[in-house]
Amino acid sequence: MQPEPTGALPALRPRCVLCYTMRVNAQYGWDAEVAIMPAKIKIGSQEHLELFCRSFIDTHDPYDIEKIEWPELDRDTHGRLAALPFWNEAVSTEGNVALKVQALVPLISDPLLREAIALQGFEEGRHSALLGKMTSHYGIEVPPFVRDPLSDAEWDFIRTGYGECFDSFFAFGLFSLAGESGFFPPALLRLFEPIIQEEARHILFFVNWIAYRRVRHPLFQRPHDLWQTTLALALQVWARIQTARGAQTDDFLLQSTESVKLDITFRGFLERCLQENDRRLRLYDQRLLRPRLVPGIAGAILKVSGGRRGAATPVATQQ
Ligand SMILES: [Fe+2]
Ligand SMILES: [Fe+2]
């Protein structure tokens with residue numbers, strides 16, 4: 001079960017904490033108060049490890065894809081769905097991400113961290129299986145799954161994590177706009193909602209894991225960590241530059257944007273991505289670090305181009 005959103009909480013004024021506390025408690029209950037005024041947590045501490053692993057494990061949604069009742073689609077909707085060009089890429093991407101995440105599990109010695117990463121591997125496999133079931137239910141042809149070669153498990157996990165930080169940010173906005181446009185029927189969107197929210201949990205877990213790992217490593221290992229992180233980010237930025245230049249036509253995120261044919265400016269799209277990113281990540285413990293790189297770049301683009309950001313919950317950030 002996903003936690004309930006805390007809603008629009010009043011802005012915290014440090015000089016009248018008592019008034020604020022009474023107001024929030026009266027309106028939202030003590031849970032909301034805990035969410036908006038959290039105690040600080042030391043990044044890299046045992047407490048931090050337990051918090052980001054427990055938050056991840058406790059918010060797992062145990063839905064069973066075998067019990068999904070696929071909605072009837074009218075001919076037009078089915079035609080639009082089947083014509084989307086990215087199903088092959090989506091199924092194989094999710095399948096490969098699952099294999100890469102699962103490959104890291106045996107190398108993790110801490111039982112709680114191992115449980116959390118194994119759970120993420122399970123969720124990625126479920127994404128791939130759900131997409132596979134959908135394509136077969138609606139008669140959408142998808143070529144056989146091709147495995148990416150595995151390299152170093154930790155490096156694969158880092159590359160995958162940064163890849164998800166980039167792609168999920170845009171997927172949040174795209175999914176919201178696709179729902180509004182009526183391109184997909186609500187019944188189908190409801191089936192895909194857990195996948196999108198799970199990606200929010202994955203990137204939240206990832207940025208906390210990478211910060212925890214960095215702090216726990218001895219000082220002499222920090223340059224290597226920095227190099228790994230920089231390289232992973234640079235490779236992801238390069239991949240997305242290629243995408244933006246249209247050089248990589250198999251990128252399913254770009255294809256999604258083009259296929260759904262959204263009537264929205266680039267700035268409007270970025271604003272929606274930021275709003276959705278804030279909304280989805282706001283659901284989790286406010287002491288956890290949040291991804292900041294992609295939202296930060298998007299916010300900077302909006303600022304430079306004169307756009308305005310929607311209200312965001314102030315939270316700690318890291319990437
Ligand atoms: Fe996934
Ligand atoms: Fe994921």
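Helices are DSSP runs of H or I with at least four residues, and strands are DSSP runs of E with at least two, numbered from the N terminus. Just after helix α6, Gly139 takes a positive phi of about 70°. The model is predicted, with local features requiring pLDDT of at least 70, side-chain atom pairs counting only at pLDDT 80 or more, and totals for chains, interfaces and linings using all residues. Residues are numbered from 1 along each chain as its sequence is written, while chains are lettered from A and ligands numbered from 1 in the order in which they are written.

Helix α6 covers residues 111–137. The expected span of a helix is 1.5 Å times one less than its number of residues. Among the buried residues of α6 are Leu113, Gly121 and Met134; a residue is buried if 20 or more other C-beta atoms, placed from the backbone, lie within 10 Å of its own, exposed if 12 or fewer, and partly exposed in between. The buried residues of α6 pack against α3, α5 and α8, where contact requires C-beta atoms, placed from the backbone, to lie within 7 Å.

Two of these partners also meet each other. His48, Leu49, Phe52 and Phe56 in α3 meet Arg201, Phe205, Asn208, Trp209 and Tyr212 in α8.

Helix α8 also contains Arg213. Is Arg213 buried or partly exposed? Arg213 is partly exposed, because 17 other C-beta atoms lie within 10 Å. Arg213 and Ile43 are 170 residues apart in sequence, and their C-alpha atoms are 9.6 Å apart in space.

Terms used:
Contact = placed C-beta atoms within 7 Å.
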